[in-house]
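Hello,

Here is the structure I promised to pass on. Please open it first, then read my notes below with the model on your screen.

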Amino acid sequence: MDQVKWNVGVIGAGVMGERMMNAIRTHEKFRVAAVSDVSAERAQEAAQKSGDVPWYTNYKELLKKVELDVIYLAVPPKFHHAIALDVLAHKKHLLCEKPLANSLTEAQEMLEAANDAGVVHAMNFPLYYQGVFPELSRRLEEIGDVRRIDILTHFHQWPRPWQQTPWLAGREQGGFIREVLPHFTHLTYELFGDLHVVRSEVDYPADHDLCETGVSAFLRLTDGTPVTINGLAGIAHEEHLDYRVYGSKGTLSVVNWSNLFVGGHGEALVPAEVPQQDRLSLLLDELSIAMNGGDARLVTFETGVKVQQVLEALLGHEKVHYIK
Ligand SMILES: NC(=O)c1ccc[n+]([C@@H]2O[C@H](COP(=O)([O-])OP(=O)(O)OC[C@H]3O[C@@H](n4cnc5c(N)ncnc54)[C@H](O)[C@@H]3O)[C@@H](O)[C@H]2O)c1
């Protein structure tokens, strides 16, 4: 029998935690049942907004004391691994933020632990649930043979004004390569299959504690189709993201996450209609289906490991190689 509402334990009540809790609070299948954040102020505030549910500064207390069905993990990346392994030891379903972990080994261990626990494991890649995804997939058939994919991520300011938190500026776990590029390498994986990094050059500032300021990378799909990445932070103009697919008969371009532009032979790129979809609500719908034992459209840790492999190769941490 289907559960009336699943109880979610939220670990990490920062920018993403708050965003997801807003979605959970209005979702018919889930409720926020407990919150943990190392900041008592954030944990308490989020718990109050969720109907005065219990809150903890130590997530281990949350895992011990409350009967929870699923954990949403939204702490900075270097804490994902240790907390996820604890969650999985408690055999709770786990929705984890991207990137899955802070190294490939950590990501692989998380996948193994999730499989051993036999729980539902999923990640939050919002683009996968936005209207632009089905529209892009549909239109791929119209543009002929794909000749090249260009991924451009330019930031006026990094970290961005709405994400002013020190870890995002640091080399250990921050930077736009970890924070933003996984969205686009994941999108590429879902649309075209495996990809591998042929070469990647990362520019860093002199201060060894600070994250990258640029990346130029060349990747290929398994059929040899080239993929380029051009990332820069600290440029003069405003933030601009462009995911562009060049086909033999047309070009598709996703600008700033949700705007789709299309152009045929000799035509200028023009805006195309994209259906509006509530991405977090759709993700929660799918999560509920999976928790009820159904086939769901989720990004599992298995895919998370593939995305991590590309990420680590872009950062130069992994040998450049094919992803199988
Ligand atoms: N899916 C997306 O679109 C998207 C967007 C932004 C960020 N993210 C990811 O979400 C995660 C969180 O990012 P954010 O922007 O919310 O960061 P944030 O810094 O705003 O929030 C992180 C929160 O985790 C708390 N925290 C740290 N260690 C903790 C611990 N051990 N136990 C409990 N709480 C702890 C911090 O106090 C903070 O409140 C990161 O992995 C980030 O990459 C995903």
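Predicted model: local features only at pLDDT ≥ 70, side-chain atom pairs only at ≥ 80, totals over all residues.

Pro 99 is found in the loop that runs between strand S5 (93–96) and helix H5 (104–117).

Now move along to Pro 159. The bond between Trp 158 and Pro 159 is also a cis peptide bond, with omega about -5 degrees. Pro 159 lies in the loop between strand S7 (146–155) and helix H7 (166–169).

One more backbone feature deserves a look. Asp 52 is not a glycine, yet its phi is positive, at about 55 degrees. You will find Asp 52 in the loop between helix H2 (40–49) and strand S3 (55–56).

Next, the ligand. Where does the ligand sit? It sits in the largest pocket. How many residues surround the ligand? The count is 27, and the closest are Met 16, Asp 37, Arg 42, Glu 97 and Glu 179.

- Val 15: a backbone N or O atom lies 3.0 Å from an oxygen atom of the ligand.
- Met 16: a polar backbone atom is 2.8 Å from an oxygen atom of the ligand.
- Glu 97: a polar side-chain atom lies 2.8 Å from a nitrogen atom of the ligand.

How much of the ligand does the protein bury? Taken alone, the ligand exposes 850 Å², and the protein buries 91% of that.

What is the shell around the ligand made of? Its residues divide into 14 nonpolar, eight polar and five charged. Helix H1 (15–25) supplies at least two residues of this shell, and helix H4 (80–89) likewise supplies at least two. Domain 1 (6–125 + 280–300) and domain 2 (127–277 + 308–314) each give at least three residues to the shell.

Best wishes

Key:
Residues numbered from 1 in each chain as written. Heavy atoms only, no water. Near = heavy atom within 4 Å. Polar contact = N/O pair within 3.5 Å; in protein donor to acceptor, adjacent residues only side chain to side chain. Areas by Shrake-Rupley, 256 points an atom, 1.4 Å probe, with all protein chains shown as cover. 1 Å grid on protein atoms, 1.4 Å probe; cavity = no way out; pocket = protein on both sides within 12 Å on 5 of 7 lines; lining within 4 Å. Sits in = over half its atoms within 2 Å of the grid points. Helix = DSSP H or I, 4+ residues; strand = E, 2+ residues; numbered from the N terminus. Nonpolar A, V, L, I, M, F, W, Y, C, P; charged D, E, K, R; others polar. Domains from an automatic or database assignment.
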